[in-house]
Number of protein chains: 2
Amino acid sequence: MIRVAIDAMGGDNAPEEIVKGAVAALADQPEVQILLTGRPEAVEPILAGLSYDKDRLTVVPASEVIETAEPPVAAIRTKKDSSMTVGLNLVKEGKADCFISSGSTGALLVGAQLLVGRIPGVRRPPLAPVLPTTSGPSLLIDCGANVDARPEHLVQFARMGAAYMEGVVGIKNPTVGLMNIGAEEDKGNALVKETMPLLKACEDINFIGSVEARDIPFGAADVVVCEAFAGNVALKMYEGTAKALLSQIKAALMSSVRGKIGGLLIKPSLKGLMKTFDAAEYGGAPMLGLNGLVVKTHGSAKAGEIRTAVSQCVRFREQHMDEKIKEMMAKK
Amino acid sequence: MIRVAIDAMGGDNAPEEIVKGAVAALADQPEVQILLTGRPEAVEPILAGLSYDKDRLTVVPASEVIETAEPPVAAIRTKKDSSMTVGLNLVKEGKADCFISSGSTGALLVGAQLLVGRIPGVRRPPLAPVLPTTSGPSLLIDCGANVDARPEHLVQFARMGAAYMEGVVGIKNPTVGLMNIGAEEDKGNALVKETMPLLKACEDINFIGSVEARDIPFGAADVVVCEAFAGNVALKMYEGTAKALLSQIKAALMSSVRGKIGGLLIKPSLKGLMKTFDAAEYGGAPMLGLNGLVVKTHGSAKAGEIRTAVSQCVRFREQHMDEKIKEMMAKK
């Protein structure tokens, strides 16, 4: 049995979509036991309307909710009975293998480090969302956990990221690139210049050198290593540009009758495309290097994303990713 | 008369598109004198086929061309008779007011600093492209000139950027934001945290605090201040995502008859949209804080972009931007 704790109260569509996603995941995954953390009075009425295997789903009461706007450290410290804190503690206490939350990213990052703890040897656990690209998924590691990271941290990100893409996403011998602002040897900031030779010397990864941000949406590397500030800028710019462009296309089409008719005709073609570019198709962003898996799903996550995130947790456990990362970190 | 030197040999479409753009600009701008730097044997045959005011266009011979792949410093130092070096020297010697090039960004950045030189008080001249957003142009400063910049450099970028947006782009009292990875006060890396209070204390700009990358394509601020590595990542991600998405939309439409017909119908609507999102509509990226204006146009620039860049130079001079920046830097 793989025990997955899920924050029933986190995100814009909680608890309804989260609960529905958890129930859908139960049907998919016969080996999964789900622990829903949150207010029973909010969660149970939704469960009452759904049919599922009651032996494999438990509601773990948590009376509080951490809001997105709350300062992360204070929220984790003071709201000890929040759905997020309770879920993280389930992993800490060995009562759950994984924890999924669509709640505050900041609080989750802080809480995961404080409560779940790091695998020995891991300096800084990175947050690593999978980006959909024109040629498949690409892991952007780190995207927000460790600003001002040092070269040795980036090397750990590269190794953990490659292990994750191979084990969980199923990409054989994944290519690893270092995010840079040019392809030439002498390009980059001090961090990149110091990290480059360390990655080149890394024998357990398939390092391909610099990757420019403009090539990331085309799948320039299976794993893109970066410091969290630049990584977060890249991720948010990716999401923002896609959103702005699509909203403008929609507005342009609605501005004329001809556009409207054309829009109706192209709808089916675009639907498939949107699916390719939908980050939710790949589940949430794993936080790697912890004593257990913590997955951050989008704040706007719906049932489908929670369902995928559960299968991501299953694959993580089936592939013994914890042990693989532990061995890897012990090696060097 | 405003004397604009143009690198006739730089970029993917040189010399033909560059020369055509220069000639088109002459017709637009009665006050402009153009100096085309490059190989006369390459430039003159193109000019021979065009009609223009011969008194206002001169070819300044330069026998060499700096290629994109060349290491910037070495290229500027050794190719003393390149179209780029000759053009930069025209500004240095006071024979031209501005220089426009679509050639190697790295070489132009190095050459501009080495040859043209900085306005007294300017620590690091930033490169500042204008990004098209859903609510108008936004200046991203710095996008590649000064990696690992310090807080005091970012403050200068903010002030110069605001002056440029007001004077050249014509935005009254432009808003200035600091690129960050969250809106909360305590977010950011060390550089952002140190820069934030300095910008808040800056009385000559309209500072609005943190701006997240996801909001930049929606025009979150008229001027977005950032260190060059993150700025370059943001810019390239913006360009790459738009390109990837549009290529995928095109492919999706071509994959079915229905999509093809719909595609034909929506073409006019999309054309207007593409114009809104075309960075070339705003000319090139100015490099600010130099003794004269240096403008970097896209490597793929066509005649239209060169023509717009010339009008950008005209406005820069008409608005006495050099003097404004000089006064501003002297003040603090």
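Which elements of chain A do the buried residues of α5(A) pack against?

## Helix α5 of chain A

The buried residues of α5(A) pack against α3 (72-78), α4 (83-92), β4 (98-101), β10 (285-287) and β11 (293-296). Buried means under 20% relative accessible area (1.4 Å probe, protein chains only); contact means heavy atoms within 4.5 Å. Among the buried residues are Gly106(A), Leu108(A), Ala112(A) and Val116(A).

Helix α5 (residues 105-116) has twelve residues and reaches 15 Å from first C-alpha to last. That is close to the 16 Å expected at 1.5 Å a residue, taken as 1.5 Å times one less than the number of residues. Gly117(A) follows, with a positive phi near 85°.

## Basis of the model

This is a predicted model, and local features need pLDDT of at least 70, while side-chain atom pairs count only at pLDDT 80 or more. Residues are numbered from 1 along each chain, and chains are lettered from A in the order written.

## α1 and α10 of chain A

The axes of α1 (residues 16-28) and α10 (residues 303-318) come within 7 Å and cross at roughly 45°. Axes are lines fitted to C-alpha atoms over the stretch in contact, with angles from 0 to 180 degrees between N-to-C directions.

## α6 and α7 of chain B

Helices α6 (residues 151-167) and α7 (residues 190-200) of chain B pack at about 50°, axes 9 Å apart. Leu154(B) and Val155(B) of α6(B) take part, as do Leu191(B) and Leu198(B) of α7(B).

Terms used:
Heavy atoms only, no water. Helix = DSSP H or I, 4+ residues; strand = E, 2+ residues; numbered from the N terminus. Buried < 20%, exposed > 50% of the residue type's maximum accessible area, 1.4 Å probe, protein only.
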